[in-house]
Amino acid sequence: MTPSSSERTPQATRYNTVAMVLHWLLALVILAMFGIGIYMTDLPFSPQRLKLYNWHKWAGVTFLALTLLRLVWRMTHRPPALPVAVTRTMPGWQHRAYHATHHLMYLLFFAVPLVGWAYSSAAGFPVVWFGQIPLPDLLPVNKEVAELIKPLHKLLALALMALVGLHIAAAIKHQWVDRDGLLSRMLPGRG
Amino acid sequence: MNTRHVASALLVASLAAIALPAAAQQKLLPAQSSIAFEIKQMGVPVQGHFKKFDAQVNFAATKLTSSKVNFTVDIASTTLGAPEMDSELPKATWFNTAKFPQAQFTSSGFKALGGGKYEVTGKLAIKGQSRDVTVPLTMTQAGATTTASGVLPIKRLAFKIGEGDWADTSMVADDVQVKFKLALSGIPKLP
């Protein structure tokens, strides 16, 4: 964020603090989980593998809970509308893509962890949150079902990462190509 | 063959039939028996069981001092229900199955606690480590079958099950619950 961008739009409405904290916190969690998820599946049977699998599951359930909180917050606290400066120059397809990306991301924020949890249940490994709180099984133990679900978790996670990539690319374009200060809506600072 | 011979042959046969049950060998009925165990991996309960085991039993509730049980478990038959874990179990870190193919329990004394409950003291040897244990069990009889069941809590590290990195009890808990249900034939009537 450059000072000029916020000066240019002095009354730009920002996301509120809770929305910003959840956005950036979950952004970190999602990238960490994706990295761990890709890395851990190739590890040989070891304490390290067991540790990472459990961390991945704990983080996934935490992500799910915070996403639910985030959705409730979003539905009860209207997000700022796109600045007129942005909508004026935005082609129709970009506007549609903007809505589609956000809706699909929210859908996958729920689907990816839920499918992962269901896989863990079906595989016979109930999720015990932080090693302390046993969570209910989403599916009964069934190895064949588990094998069917496993690639789905990966596929959905890859789809989510593609959307996250698109989201980041769009943010970068607005910030450094269009220079319209759109990113400042999600950044703390003078408001 | 005259009638007298037939009569004496029948007499001998019936005497044998009466005498045999008393001296009948007490036998384990594997199909109706099970030995399962539960371990905890980072708080997650994991169930396993042994598929092959056998016992030499000589038990009489009225003759506890001469009662004896010698129990063997075929360690290679251990399963946790997940192939990626089962392939690790025979390794030296875990059971070292090649060197210690059998686990053994040899009783040294029986104590009646009343109400079909008994305490069996003896030596449990797994992976070359022999430890004194007291096995609590409950015996019930239905028809010709006697069922002895109970739970024996053991410490896996006392038997060096899980060495090196795997000795870390924050990854795999030290406590293991061994749950057994043994169906036996030929046990004299319980009081």
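Helices (H or I, at least four residues) and strands (E, at least two) are DSSP runs, numbered from the N terminus. This is a predicted model: local features need pLDDT of at least 70, side-chain atom pairs count only at pLDDT 80 or more, and totals for chains, interfaces and linings use all residues. Residues are numbered from 1 along each chain as its sequence is written, and chains are lettered from A and ligands numbered from 1 in the order in which they are written.

**Exercise 1.** Work out which elements chain A has and in what order they run.

*Solution.* Start with the count: chain A holds 6 helices and 2 strands. Then read from the N terminus: α-α-α-α-α-β-β-α. Finally, take burial (20 or more other C-beta atoms within 10 Å of the residue's own, C-beta atoms being placed from the backbone). Of the 191 residues of chain A, 19% are buried.

**Exercise 2.** Trace how β8(B) pairs with β7(B) and β9(B).

*Solution.* Strands pair if DSSP finds at least two bridges between them. Take β7 (residues 102-114) of chain B: 9 bridges join it to β8 (residues 117-126) of chain B, antiparallel. Here B:F105 has B:L124 as its bridge partner. The hairpin leaves 2 residues between these strands, and B:G115 in the turn has a positive phi of about 65 degrees.

Now go on to β9 (residues 129-142) of chain B. β8(B) pairs with β9(B) over 10 bridges, again in the antiparallel sense. B:K123 has B:D132 as its bridge partner in β9(B). This hairpin has 2 residues between the strands, and B:K127 takes a positive phi near 55 degrees.

Key
Buried ≥ 20, exposed ≤ 12 C-beta atoms within 10 Å, placed from the backbone.
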